[in-house]
Amino acid sequence: MHISEGILSAPVLLSGAAIAVAGTAIGLKKIDYDQMPQVGLMASTFFVASLVHVPIGPSSVHLILNGLVGLLLGWAAFPAILVALVLQCVFFQFGGITTLGVNTVVMASPAVICYYLFGRFINHHALSLWTAMFACGAVAVFLGALFMALALVTTESQFIPVAKLAILAHVPLMLIEGVITAFCVGFIKKVQPSLLNNGY
């Protein structure tokens with residue numbers, strides 16, 4: 001889901017950068033000192049999960065886990081994902097410096113949205129919890145693909161076929177991430193439920 005350098009128009013890049021700065025500022029303000037290890041852990045998880053890429057035109061498909069990151073961090077997902085994207089850009093040339101803002105918005109905005117949509121289900125049990133967490137993982141990927149497609153389409157109408165392909169290519173990933181998110185949340189709830197008490 002990393003958008004490469006030289007693809008997006010200046011207005012899209014500037015808008016993405018502005019939203020990323022605002023989201024990161026809110027996230028940094030909301031991070032509690034005791035939450036710092038958790039933020040670092042989730043940034044590392046995101047970093048490692050999204051290292052394996054399958055190229056799709058000017059973008060790529062890979063594990064994201066932004067739904068899980070959002071559930072555990074809320075607004076702190078913005079700085080966590082930004083740090084991971086900076087490291088990926090510097091060390092592996094994924095994405096780029098100019099697209100850093102847009103890529104952050106594409107991956108962190110769905111995380112925050114899912115935090116508000118699905119966080120209330122954390123205290124539910126059994127089937128309702130599993131269903132909600134599966135939906136969280138799947139919806140986060142869908143929204144990320146949708147935001148990426150919007151960034152491409154608002155840059156140039158010729159990207160419409162690529163945008164459609166990018167969304168379709170993420171459908172299997174939605175199912176995979178839904179299952180991973182559900183199992184991860186279920187496991188965390190058994191061994192360390194305090195990690196899930198993030199303002200719900």
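## Aromatic pairs and a cluster

Rings of Phe, Tyr and Trp, the last by its six-membered ring, pair if their centres lie within 6.5 Å. The model discussed here is predicted. By that rule, the count comes to five aromatic pairs. One of them joins Trp-75 and Phe-78. Their centres are 5.9 Å apart, and 20 degrees lie between the planes. Planes under 30 degrees apart count as stacked, and the pair of Trp-75 and Phe-78 is stacked. Phe-78 is at 3%, so it counts as buried.

Trp-130 and Phe-134 also pair. The ring centres are 5.5 Å apart and the planes stand at 10 degrees, so this pair is stacked too. Both residues sit in helix H6, which covers residues 126-155. They are four residues apart there, and therefore about one helical turn separates them. Trp-130 is partly exposed, with a relative accessible area of 35%. Phe-134 is partly exposed as well, at 22%. Trp-130 and Phe-134 form one aromatic cluster with Phe-183.

A loop runs between strand E2 (59-61) and helix H3 (66-73). The cut-off for buried is under 20% relative accessible area.

Leu-65 has a backbone feature to check. Its phi is positive, about 60 degrees, although the residue is not a glycine. Ala-20 is 44 residues away from Ile-64 in sequence. In space, the two are 18 Å apart, C-alpha to C-alpha.

## H3 against H5

Helix H5 spans residues 100-118. The axes of H3 and H5 come within 7 Å. They cross at roughly 55 degrees, which makes H3 oblique to H5. The crossing is right-handed.

Which residues make the contact? From H3 come Asn-66, Gly-70 and Leu-71. From H5 come Met-107, Pro-110, Ala-111, Cys-114, Tyr-115 and Phe-118. The residues of this contact divide into seven nonpolar, two polar and no charged.

## H3 against H6

H3 also meets H6. The axes of these two helices come within 7 Å and cross at roughly 115 degrees. On the H3 side, the contact involves Asn-66, Gly-67 and Leu-71. On the H6 side, Met-133, Cys-136, Ala-140 and Val-141 take part. Five residues of this contact are nonpolar, two are polar and none is charged.

Val-48 belongs to helix H2, residues 36-49. Is Val-48 buried or exposed? Its relative accessible area is 54%, so Val-48 is exposed. The cut-off for exposed is over 50%. His-2 is 46 residues from Val-48 along the chain. The C-alpha atoms of Val-48 and His-2 are separated by 14 Å.

Notes
Residues are numbered from 1 along each chain as its sequence is written. This is a predicted model: local features need pLDDT of at least 70, side-chain atom pairs count only at pLDDT 80 or more; totals for chains, interfaces and linings use all residues. Side-chain values use heavy atoms; hydrogens and water are left out. Axes are lines fitted to C-alpha atoms, for helices over the stretch in contact, and angles run from 0 to 180 degrees between N-to-C directions. Angles under 35 degrees count as roughly parallel, over 145 as roughly antiparallel, 65 to 115 as roughly perpendicular and the rest as oblique. A crossing is left-handed if the near helix is turned anticlockwise from the far one by less than a right angle, and right-handed if clockwise. Contact means heavy atoms within 4.5 Å. Ala, Val, Leu, Ile, Met, Phe, Trp, Tyr, Cys and Pro count as nonpolar, Asp, Glu, Lys and Arg as charged, and the others, Gly among them, as polar. Rings of Phe, Tyr and Trp (its six-membered ring) pair if their centres lie within 6.5 Å; planes under 30 degrees apart count as stacked, over 60 as edge-to-face and the rest as tilted. Buried means under 20% relative accessible area, exposed over 50%, partly exposed in between (1.4 Å probe, protein chains only).
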